[in-house]
Amino acid sequence: MTLTVNMTLNGESVSAQVEGRTLLVQLIRDHFRLTGTHVGCDTSQCGACVVDMNGRSVKSCTVLAAQADGAQVNTIESLAENGELHPMQQAFKDNHGLQCGFCTPGMVMSALDLVANNPDPSEAEIRDWLEGNLCRCTGYHNIVKAIAAGAQAMRS
Amino acid sequence: MDTGIGAAVARKEDFRFLTGQGNYTDDIARPGQAHAVFVRSDVAHANLNSVDCEAARAMPGVVAVFTGDDLEGVGGVPCGFAPDGGPMNEPPRPVLAQGKVRFVGDMVAMVVAETAQQARDAAEAVVVDYDELPAVVSMEAALAEGAPAIHDLEDNSCFSWGIGDAEATGAAFAKADHVTTLELVNNRKCPNAIEPRAAIGEYDTARDSYTLYTTSQNPHVIRLLMGAFVLGIPEHKLRVVSPDVGGGFGSKIPHYPEEVAVTWAGKQVGRPVKWTAERSESFLSDTHGRDHVTRVELACTSEGGFLGLRVHTRANMGAYLSTFAPLIPTYLYGTLLAGLYTTPAIRCEVDGVFTNTAPVDAERGAGRPEATYLIERVVEMAARELGIDPVEIRRRNFVSPDAFPYQTPVIVQYDSGNYEPIVDRAAELADYAGFAQRREEAASRGRLRGIGFAGYVEACGMAPSNVAGIIGARAGLFEAAQVRVHPTGSVSVYTGSHSHGQGHETTFAQIVADRLGIPFENVDVVHGDTDQIPFGMGTYGSRSLAVGGSAIAKALDKIVAKGRKIAAHALEAGEADIDFESGEFRVRGTDKSVGFGDVALSAYVPHNYPLEELEPGLDEGAFYDPANFTFPAGCHICEVEVDPETGTTRIVNWNAVDDFGRVINPMIVEGQVHGGIAHGVGQALLEDCAYDEESGQLLSGSLTDYCIPRADDLPSFVIETTETLCPHNPLGVKGCGEAGAIAAPAALINAITDAIGVAHVDMPATPEKVWAALQSAQGE
Amino acid sequence: MYEFNYRRASSVFDAVASSAKCDDASYLAGGMTLIPVLKFRLAGPSDVIDLADIGELRGIRTDDGAVTVGAMTTHAAVAASAEVRQAIPALADLAESIGDPQVRNRGTIGGSIANADPAADYPAAVLGLGATVHTNSRTIAGDDFFTGMFETALEPGELVTAVSFPVPERAAYMKFPNPASRYAIVGVMVSRGGSGVRVAVTGAGGSAFRVPEMEQALASNFAPEAVADISVPADGLNEDLHASAEYRAHLVTVMAKRAVAAAG
């Protein structure tokens, strides 16, 4: 059975025909060709697929496309404006918070949800929050630094 | 802003990764592409009675279904290394199973359909009739009398190999005051790059040529192996593209059967065929790492002087030989057993064993973590048994700074190093002197605090090709580079190294900008495409800077040499009188000069140019074959607190000092060390790739069971470097990618055993194991 | 995933009626378990009925000495609720310890208990706080709700609408997480209140269970040392890669002791 999903994706009204079983991440990547959102696992552990849905970070591999009908969805592609990085993206760059870059979009989207609720997180709070995001390159050291710096940049 | 050698330059590649514009293999959608799903064996060992694909072929959207029978005539996936050239049992590895499956995950059939979902639906309809055979998972079981033979071989042995002087080692033990003995397991790991493997194969009928997009650390190696040994495609008809690669850690070195299958099928079905692994499939089918069972003995004087080291290891190869599998537990392992020490006699014997498990190959460090782990564990144990301070016993046995080049008893010759300042500084950073007080304070909170040291020396920068050939590599291990200066002075660098997170686009650009005195922004690095790059051996074994960077440095020398000729002509001076510095060619002792950009322009607009002596253009290539390995060294000190009631270990401090030779970008180097430590911590505390002994099923087959470190499992790290330059490469660099993974396991297990006062705990030191060790220690 | 019909229910009545009409319907709450299960093709429902639009299933209210949490309330909402934090901080702590932030943003209390994963956290709260489970057709005492591994007292088509937790005098939840999945290897909820002392364990057995011997000991002396020497038999407890039955039994005592200490 196909159904129609209407949603606001990165600020634009979009519509697509999907199967019931289509995942939000498949809709974003395969249909809308926004490939910044990645799939790194099949058990909702890695967080490479994290996007913002209605103001909350969610794992788009564990949300049906149909569940996003009527939702506002923002992906990593929504952040930079006119070639200017968002302060959180800039902080990742300045602090070498990424290596291979595969987990990075999910890390940044997750970090923004943290900062939205906790504008000045401690190191322990950042590490705790990142429970849902796996990185195999950085040992997290610089990701934690980047998020603290990004939060600070967003406060000022 | 300084962007030259030694500057912590922010990375060029970050903008695209941070904005979601990276281009990973799964991001590629080729026009008309179909999707492949592999039917994988769900039993560990069986004869295949039949593979019935009829129902699957009738499913919606199915384009084709292939089995091993369809691939008859296609070569098996080859192995690239035989220790000392053999003898080695090297059974064939068919692309799709032929007659037999040998591990859970072995590929039985390939379904190609319009969509991945349809392929998955149809894969379920493939009916495989297995005649199950008993499986052997552990090496002990595989070598037992009457064990089921996995291949058509006498037994499950792959090779037996040894290094070092057995007689001299025996004599050393005979005169020892003290012998420390340890039996240990080096646990199997699953590399788990966050990007799962993916591949797209396509065939262009018009040009009679193939393209393979694949998640590889070394696209040229894949082209060579698949083209020459498997599909019989000449290099000029096969392009291999590895775009952005989302981590590798060794698992993206080998040539995999899936790469063959999609390339072959792309021609069969007349359209691109794409496959992307799901994580649970990665667990089954990516190469695993480590998996040793070892007995080690260290012979000492009563003062803690090391006299001899004797090692016997069984190394699990898995069901088939992956590309470099036999290299890892032999020449990347036995040759490093001297460690930082002058142990005069060493003997190491290794048996490679087949089992009904996924093939084992390189995993970050590859052989060197295994060597370092056993050395640093047995040294620590000897110190405890002899009542000598762990730093002191190491110091007493260091290779002294004036002993370099130092010939070890296990073939390799250390080129340079200075170990004492490393350990001294690390101990200072870790406030070793204040440890006793911290331990007491922790005890007052009911926590057991321990400190653990690990020194290491590793061999990076593989390798002199002639040595590689002698020890059994079936390839050279040089690297290639092309430096193309464009008419207006900007530069494209084509390198055979291939970044999968290491930041080559930045580090290599720094070298070029520094050498040519041009803006960093004017340099771009191109990699990962066999149609663009002259040749390449790829990125592994911390070789990119030492070998790939050196090739670039060589090509830059040629650019400067030619530029000097052009400048001499322009400045009407002798070539020998031209100095090149900060982007200016200058006549020595005068103010006459010409900028690099003008020289470049003149090379392409050769109006005032010595055309009779010199070709136009400024575009130079180089192949660099190293004279020796490089030998980074370091010391990591870890401090833990153990909760005695639960056995939970918390890492409270991590201090490290490493000597990587010259550091080009300290920010990137630190990041490499952080990531390496995380891998080592994972191995020591969390990661265990476990198979059921009876059924051969993978027990840790998803991220809900296999634990890779999360942010809250790790502390922040304190990292410093010292610098002794590598004497034999033009940059003086050594390599840093694996250091953390090499040092961390021993440091952690040394800390945990120190905390709980037991001789040894095997990795991963899970809370239950630590708790059980405490229980049995209390029972004694 | 197998294909299925996706439906959205507008009310509890609509959801239940719609489920009755389907061959084999699954309710979709947060989907944090159902969707992975579907992805691995471990289930193939004909229809998936999404409860997201049913406003009456959401929200938290406190009255008559109980906190009632609507079935579709997310773990994040429970963790962040000032009401819950004030009335039963142990429940907010438990919700905050579930999964990871993204799981907490989607996962719901109703979905969690209906799924009855032996390692889920909420079952410890349902038993340990003496909760009552409300469904579209009845109320079920928390003690009777979990009937086995992934099994509950729910009839086919029956829908959890809310869970009421009596406010205890004191309570605390201590969890020893699985390092990989972050589910509970052992989680213990201890409470003392109107209905006496409760000690409930999740993660250790086939489904959550109470430990009467500990409850009795705590009834006369609500102090960590009262349970320090009481252990549950290892026989029949879960065993996996991460923990043997013996170790789980040991952890039950340790976590119980610590929960009592934390409950103060």
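# Contacts, packing and burial in a predicted model

User: How many residues of chain B are in contact with chain A, and what makes two residues count as in contact?

Analyst: In this predicted model, 42 residues of chain B are in contact with 44 residues of chain A. Two residues count as in contact if their C-beta atoms, placed from the backbone, lie within 7 Å. Residues are numbered from 1 along each chain as its sequence is written, while chains are lettered from A and ligands numbered from 1 in the order in which they are written. Local features need pLDDT of at least 70 and side-chain atom pairs count only at pLDDT 80 or more, whereas totals for chains, interfaces and linings use all residues.

User: What is known of the side of chain A that touches chain C?

Analyst: 24 residues of chain A are in contact with 20 residues of chain C. β4 (56-59) and α3 (104-117) of chain A each supply at least two residues of that side of chain A, and β4(A) gives the most, with 4. The classes on this side are 8 nonpolar, 9 polar and 7 charged.

User: Why is chain B called as compact as a globular protein of its length?

Analyst: Chain B has 19 helices and 28 strands. Its radius of gyration is 27 Å, close to the 28 Å that the globule rule gives for 780 residues, so chain B is as compact as a globular protein of that length. The radius is taken over C-alpha atoms, and the rule is 2.2 Å times the number of residues to the power 0.38.

User: What makes α9(B) roughly parallel to α18(B)?

Analyst: Helix α9 (residues 368-386) and helix α18 (residues 739-756) of chain B pack at an angle of about 30°, with axes 8 Å apart. Angles under 35 degrees count as roughly parallel, over 145 as roughly antiparallel, 65 to 115 as roughly perpendicular and the rest as oblique. The angle therefore makes α9(B) roughly parallel to α18(B). Axes are lines fitted to C-alpha atoms, for helices over the stretch in contact, and angles run from 0 to 180 degrees between N-to-C directions.

User: How do you know that B:Gly472 is buried?

Analyst: B:Gly472 has 20 C-beta neighbours inside 10 Å, so B:Gly472 counts as buried (20 or more other C-beta atoms within 10 Å of its own; 12 or fewer is exposed, in between partly exposed; C-beta atoms are placed from the backbone). B:Gly472 sits in the loop between α13 (465-471) and β19 (479-485) of chain B. B:Gly86, 386 residues away in sequence, is 7.5 Å away in space, C-alpha to C-alpha.

User: Why is α1 of chain A called largely enclosed?

Analyst: 6 of the 8 residues of α1 (residues 24-31) of chain A are buried, so this helix is largely enclosed by the rest of the structure. Among them are A:Leu24, A:Leu27 and A:Arg29. The cover includes β1 (2-9), β2 (12-19) and β3 (50-53) of chain A.

Note on methods
Nonpolar A, V, L, I, M, F, W, Y, C, P; charged D, E, K, R; others polar.
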